[in-house]
Amino acid sequence: MVEKRKAMIAGGGIGGLTAALKLHEAGVSVQVFESVREIKALGVGINVQPHAIKILSELGLADELKQIGVETADLSYYNKFGKLIWQEPRGMNAGYRYPQYSIHRGELQMLLLNAVKERLGEDSIKTGHQLISFQRHSDIVEAHFEDKKTGEKLGSYTADMLIAADGIHSTIRKFYYPNEGEPIFSNRILWRGITEGEPFLTGKSMVMAGHQNQKFVAYPISPQAEKTGHSVINWIAELWVDGDAPSKADWNKKIDKSKFAPDFASWDFGWLNVPQLIDEAEAVFEFPMVDRDPLPQWTFGRVTLLGDAAHPMYPIGSNGASQAIIDAEELGLAVQKEASLDAALQAYESARLTPTANIVKSNRKNGPDSVMQIVEERAPNGFNALHDVISQQELEDIANQYKKITGFDRAR
Ligand SMILES: Cc1cc2nc3c(=O)[nH]c(=O)nc-3n(C[C@H](O)[C@H](O)[C@H](O)COP(=O)(O)OP(=O)(O)OC[C@H]3O[C@@H](n4cnc5c(N)ncnc54)[C@H](O)[C@@H]3O)c2cc1C
C-alpha cells in the first residue's frame, strides 16, 4: 500500500484552514499547528468574493455560510460629502453564480475550524503550537514548536511538506527573507469597529465614502440581525498620517475612538450617520495599513508560502481572505494533478505568485477605490453633476479593470 502523503500547516487562519480542507480532499494527511492556545472568533467584518465562495461551496459549506454571511447586494462609492460616484450590483445580484458575503472574520474562521475538526479529526489541529524553526532534509521537512506564552519546547514533527499559512508576520517567510523587516506602512491607519443600528440603503449594501487620505467604509455582517429588521454594521475609518506607523500590525489592538472620531464629526450624510456609528461602537481596533513587496519565490523544495504569509496586501477591494482561499484551492489541485510533491508546489507557485503580486501592486494605487480619489482631486469642494467630473466610461473601466486583475470578472 502506498503511504499517505503528509502535510504540516503552520497557521490556523482562513488560509491555513481552507488549505487543510483542500489537501485532505486531495488525499493528504494534514496536521495544522496554530500558535494561539484557543482559536476564538477574533477580528471584525471582511468581504469574501464570489470566486472564493465558489471554492468554499464546493467544499460543502454553502449552507453554513448562508447562516453567518450577509449576501452583499451592491457596492457604492461616495465623495466626502456623501454624494454618489459609482454604484454596482455585487454577487448574485450582479449575475454571479455564487454570492459575495459580508461576514465576521472570526465566525468564518470558526466555521472552517469546525469543518476541519469534523472531517480531519479533533487531533488534526494542535493549538498553542508556535512554529519557531524548521529544517529541510531531502524530501522531509522537520518543524519545531514551542508555547508562545511560556516558551516551553513542545517538540518536533515531520511531514512531506510544510505550508506557511502563518500570516503577515510569518516565521517561515522570515527564514527565507531574513532582511525584509517589518511590513511596509502606507501612512494610512485603519480603525475598525462594529455597531448595531438601523439598516442603511438596501440593508445589504457596502459603501465607501471619501478619498485616499480620509475614508469610511461600512457594510452589514449579520443575517440574524437582518431578519429582525436591524443591522450589525461593520465599519472602517481610515486616515492618512505623517511619519512612522503608530503601532505594530496587530489585528487585535484596541484603541480610544478620540484618536480619529473628531475628523469624521461632520460626516452625517443623512443616509448614513458616520459620527453616530463611531460613537456607538463598543470597541475599536487599530491596524496600520501595511503590505509587503511581492516576492520572487514562495516554494523552496517542500516548503511553500500561502495567504498573507505569501502576499499580504492592503485591505482594498476586499481581497485578503478571498486570495488566501484561492491559494488553498490551487494548492489542492496541484497536489492532485502533479506526479510529485516538488512539482505540485512549483505548479502552485506558478499559478498564484504573479496574479497576487498584481493585486498587491494594484491595491497600492487604491484599486477600484481610485474613483473616489480622482473625484476628490478634480472636485475637492463637491459637484453638482457627477459627469462634469468623471465620465461613465472612466468609471466603468476602473471597476472592470480591477475585477480582471483580481480574477473575479464575471466571465471567469
Ligand atoms: C486575529 C486576527 C484578526 C483579523 N482581523 C481582520 C479584520 O478584522 N479585517 C481584515 O481585513 N483582516 C483581518 N485579519 C486578516 C485576515 O484574516 C487575513 O488577511 C486573510 O484572511 C488571509 O488569511 P491568512 O490565513 O493568510 O492569515 P491570518 O488570518 O492572519 O492567519 C494566520 C494564522 O497563523 C497563526 N500564526 C502566526 N504565526 C504562527 C506560527 N509561527 N506558528 C503557528 N501559527 C502561527 C496566527 O495566530 C493566525 O491564526 C485578521 C487576522 C487575524 C489573525
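# Strands, helices and ligand shell

Guide: Six bridges connect strand β10 (residues 140-146) with β11, and the two run antiparallel. This is a predicted model, in which local features need pLDDT of at least 70 and side-chain atom pairs count only at pLDDT 80 or more, while totals for chains, interfaces and linings use all residues. Residues are numbered from 1 along each chain as its sequence is written, and side-chain values use heavy atoms, with hydrogens and water left out.

Visitor: What makes β10 and β11 a pair?

Guide: Strands (E, at least two residues) and helices (H or I, at least four) are DSSP runs, numbered from the N terminus. Two strands pair if DSSP finds at least two bridges between them. β10 and β11 have six bridges, and therefore they count as paired. Within β11, Thr-158 stands opposite Glu-142.

Visitor: Why are β9 and β11 called edge strands?

Guide: The open sheet has three strands in the order β9-β10-β11, with antiparallel pairing. β9 (130-137) and β11 (153-159) each pair on one side only. On average, neighbouring strands of this sheet are turned by 20° against each other, direction ignored; the axes are lines fitted to C-alpha atoms, for helices over the stretch in contact, and angles run from 0 to 180 degrees between N-to-C directions.

Visitor: Why is Ser-138 called exposed?

Guide: Buried means under 20% relative accessible area, exposed over 50%, and partly exposed in between (1.4 Å probe, protein chains only). Ser-138 has a relative accessible area of 76%, and therefore it is exposed. Ser-138 belongs to the loop between β9 and β10, and its phi is positive, near 30°, in a residue other than glycine. Most residues other than glycine have a negative phi.

Visitor: How do you know that Glu-38 is exposed or buried?

Guide: Its relative accessible area is 54%, so Glu-38 counts as exposed. Glu-38 is in the loop between β2 (29-33) and β3.

Visitor: How do you know whether the span of α4 agrees with its number of residues?

Guide: The expected span of a helix is 1.5 Å times one less than its number of residues. Helix α4 (residues 105-120) has 16 residues and should span 22 Å; its end C-alpha atoms are 22 Å apart, so the two agree. Its buried residues include Leu-108, Leu-112 and Val-116. After α4 comes Gly-121, with a positive phi near 100°.

Visitor: What makes α8 mostly covered?

Guide: Of its 18 residues, 13 are buried.

Visitor: Which residues come nearest to the ligand?

Guide: A residue is near a molecule if one of its heavy atoms lies within 4 Å of it. There are 29 residues around the ligand, and Gly-15, Glu-34, Arg-105, Arg-192 and Asp-308 come nearest.
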